Amino acid sequence: MAQEVTREQVDIPGPSLVGNLEGNATTRDIIVFLPPSYNQEPGRRYPVVYALHGYSSNNDAFEKDLARTNAIESAFGSGTPEMIVVMPDAQSVNNGSMYGASVTTGDWESYIADDVVGYVDAHYRTIAVRQSRGLVGHSMGGYGALRIGMKRPDVFTSLYAMSPCCLTPAQMPAPELVAKLEALEKPEDSLDLGFMERATLATGAAWSPNPNNPPFYMDLPSGEQAADVMARWQANAPVAMADQYMFELRGYEGIAIDVGDKDWLMPSAQAMHKVLTDNAIEHQYQVYDGDHVNRVAEQFRDAVMPFFGKHLDFE
């Protein structure tokens, strides 16, 4: 039986985002789900799971997706230990921050690991140690969970990547797509573009920023700089990054990756699974019956929440 949770949505400051060239808001909202006992047991403290949404989405849309199965409430009702769940908003001018650190988009790595975590610890009854913090995300958020997890093992103890994108080195986009983007005269011209066009802009803003190249403040892979830009993009793939962060990954209490068997991202998830396996990094890897989006709420309820119930410190 689902257990009732308390939902709060609050605006918080994001000092790590101040000065970003894209003009992304630095005061942003987070959605906080407080477990059933939170208001009844004022002396009790709780571990926290931070849940990152995907590209072309935001925390409101992620919440609505999980509401299809009452994922958080139902997990508590099925015996998962009570924890706080926090959903930040990382939607940017180009529809997604990639959870990177860029002068163009802002330092989203520090926003999540420092600004959001710091605010939640200061305003809620958390167990404010890394052993009691988990990080999960879907698609771009799954990429963000692994990326931030590699760089900030001082903050989180367990990671879960749901159908993660962008794990393997990026491929050169079609020349006609790049030419179309380079012909844009101002950022507003991009708002009516399709998914791939806007995703390419988001990639460039996050992975190949250039403060001297207005109005988009990024480099795109074209002409003589194409190989250089692609090298910068490829360096941001967790499969490529992993060798530098094996000791950090080895220190995690739990790591999990899942992906649907009909998801176009399954080969890259398998590649990350292989990298972890080859380096003896203990982790869970699940391939389930589904595509990229149709089982997110079920997976969050049946796999993600119990995973953190097992791997976080509740004392």
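Is Phe308 buried or exposed, and at what relative accessibility? Phe308 counts as buried, at 0% relative accessibility, where buried means under 20% relative accessible area, exposed over 50% and partly exposed in between, with a 1.4 Å probe and protein chains only.

This is a predicted model, in which local features need pLDDT of at least 70 and side-chain atom pairs count only at pLDDT 80 or more, while totals for chains, interfaces and linings use all residues. Residues are numbered from 1 along each chain as its sequence is written, and side-chain values use heavy atoms, with hydrogens and water left out.

1. Aromatic pairs. The structure holds eight aromatic pairs, a pair being two rings of Phe, Tyr or Trp (for Trp the six-membered ring) whose centres lie within 6.5 Å, with planes under 30 degrees apart counted as stacked, over 60 as edge-to-face and the rest as tilted. Among them is the edge-to-face pair of Trp108 and Tyr111, 5.4 Å centre to centre and with 75 degrees between the planes. Because Trp108 and Tyr111 are three residues apart in helix H3 (residues 108-123), about one helical turn separates them; helices here are DSSP runs of H or I with at least four residues, strands are runs of E with at least two, and both are numbered from the N terminus. Trp108 and Tyr111 are both buried.

2. The cluster around Phe308. Phe307 and Phe308 also form an edge-to-face pair, at 5.1 Å centre to centre and 80 degrees between the planes. Phe307 is buried as well, with a relative accessible area of 4%, and ring pairs link Tyr160, Phe307 and Phe308 into a cluster.

3. Charges over rings. The charged end of Arg125 sits over the ring of Tyr38, 4.0 Å from its centre, and that of Arg130 sits over the ring of Tyr252, 5.9 Å from its centre. The criterion is that NZ of Lys or CZ of Arg is within 6 Å of the ring centre and within 35 degrees of the ring normal.

4. Packing of H5 on H6. The axes of helix H5 (residues 175-182) and H6 come within 10 Å and cross at roughly 70 degrees, which means that H5 is roughly perpendicular to H6. Axes are lines fitted to C-alpha atoms, for helices over the stretch in contact, and angles run from 0 to 180 degrees between N-to-C directions; those under 35 degrees count as roughly parallel, over 145 as roughly antiparallel, 65 to 115 as roughly perpendicular and the rest as oblique. Leu177, Lys180 and Leu181 in H5 meet Met196, Glu197, Thr200 and Leu201 in H6, contact being defined as heavy atoms within 4.5 Å.

5. Packing of H1 on H11. H1 and helix H11 (residues 296-311) pack at an angle of about 75 degrees, with their axes 7 Å apart, so H1 is roughly perpendicular to H11. Phe62, Asp65 and Leu66 of H1 make the contact with Val296, Ala297 and Phe300 of H11.

6. The buried side of H7. In helix H7 (residues 226-234), the residues Ala226, Val229, Met230 and Trp233 are buried. They lie on the same side of H7 because they cover an arc of only 100 degrees around the axis, the arc being that of the directions from the helix axis to the C-beta atoms. The buried residues of H7 pack against helix H6 (195-207).

7. Backbone points to check. The peptide bond from Pro214 to Pro215 is cis, with omega near 5 degrees, and Pro215 is found in the loop between H6 and H7. Asn70, in the loop between helix H1 (59-67) and helix H2 (71-77), has a phi near 45 degrees, a positive value in a residue other than glycine, and is partly exposed at a relative accessible area of 38%. Tyr99 likewise has a positive phi, near 50 degrees; Tyr99 lies in the loop between strand E4 (84-88) and strand E5 (101-102) and is buried, with a relative accessible area of 1%.

8. Ile112, in helix H3, counts as buried at 0% relative accessibility, and, not counting residues up to four places away in sequence, Ile112 touches Leu52, Pro88, Tyr99, Val117, Leu135, Ile148 and Phe156. Cys166, in the loop between strand E8 (158-162) and H5, counts as partly exposed at 24% relative accessibility. Leaving aside neighbours within four places in sequence, Cys166 is in contact with Met98, Tyr143, Trp207, Ala237 and Pro238.
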